[in-house]
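Subject: Structure for your review

Dear colleague,

Please look through the sequence and the coordinates before you go on to the notes.

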Amino acid sequence: EIVFEVDSKLAARHMAKEVAWVCRDEELRPLYEECRLLGARLTAQGKRWEVRHIYREFNQVADTLANQALDDPGGNGPSVSW
């Protein structure tokens, strides 16, 4: 089982298996479609998965670590996809 924990309620609702929100934002649509396709591939492979919303106040450690990684001059830096 795979659980993706995100602090974006919008992203979590877009990826919900039941009653998923539709993406109407033209800039987000390609990413939305790619994520939905990846979810479908996981399901087709027999993997159980879900995207779970985590409120930001409970995600401060992850936010801090992510910011440190992005700011680290010796690190990989932000993804070219961002």
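Among contacts in the protein chain between residues at least 6 apart in sequence, what percentage join residues at least 24 apart? The share is 55%, where contact means that heavy atoms lie within 4.5 Å.

Before the details, please keep in mind that this is a predicted model, in which local features need pLDDT of at least 70 and side-chain atom pairs count only at pLDDT 80 or more, while totals for chains, interfaces and linings use all residues. Residues are numbered from 1 along each chain as its sequence is written, and side-chain values use heavy atoms, with hydrogens and water left out.

Overall layout

The protein chain has 3 helices and 2 strands, and along the sequence these elements come in the order β-α-α-β-α; helices (H or I, at least four residues) and strands (E, at least two) are DSSP runs, numbered from the N terminus. Taken along the principal axes, the C-alpha atoms fill a box of roughly 40 × 25 × 25 Å. The accessible surface of the chain comes to about 6800 Å², and carbon and sulfur atoms account for 54% of that surface; accessible areas come from the Shrake-Rupley method with a 1.4 Å probe, and for residues only the protein chains shown count as cover. Of the 82 residues in the chain, 15% are buried, where buried means under 20% relative accessible area, exposed means over 50%, and partly exposed covers what lies in between (1.4 Å probe, protein chains only).

The core and its surroundings

The largest nonpolar core consists of 5 residues, namely A12, M15, L42, W49 and V51; such a core is a set of buried Ala, Val, Leu, Ile, Met, Phe, Trp, Tyr and Cys residues joined through side-chain atoms within 4.5 Å. If neighbours within four places in sequence are left aside, M15 is in contact with W49 and V51, and also with C35 and R36. H14, which has its place in helix α1 (residues 9-14), is buried at a relative accessible area of 9%. With neighbours within four places again left aside, the contacts of H14 are A20, W21, V22, C23, Y32 and R36.

Cysteines

A search of the whole structure finds 0 disulfides, a disulfide being a pair of cysteine sulfur atoms within 2.5 Å.

Salt bridges

The whole structure holds 5 salt bridges, each defined as a side-chain nitrogen of Lys or Arg within 4 Å of a carboxyl oxygen of Asp or Glu. In one of them R52 pairs with E5, with the closest N and O atoms 3.2 Å apart. Because R52 lies in strand β2 (residues 49-53) and E5 in strand β1 (residues 2-6), this pair ties together parts that are 47 residues apart in sequence. R52 also meets E50 in a salt bridge, at 3.5 Å from N to O, and through shared partners E5, E50 and R52 are joined into one network.

D72 is found in the segment after α3 (60-71) and is partly exposed, with a relative accessible area of 39%. From C-alpha to C-alpha, D72 and A16 are 34 Å apart in space, and they are 56 residues apart in sequence.

With best regards
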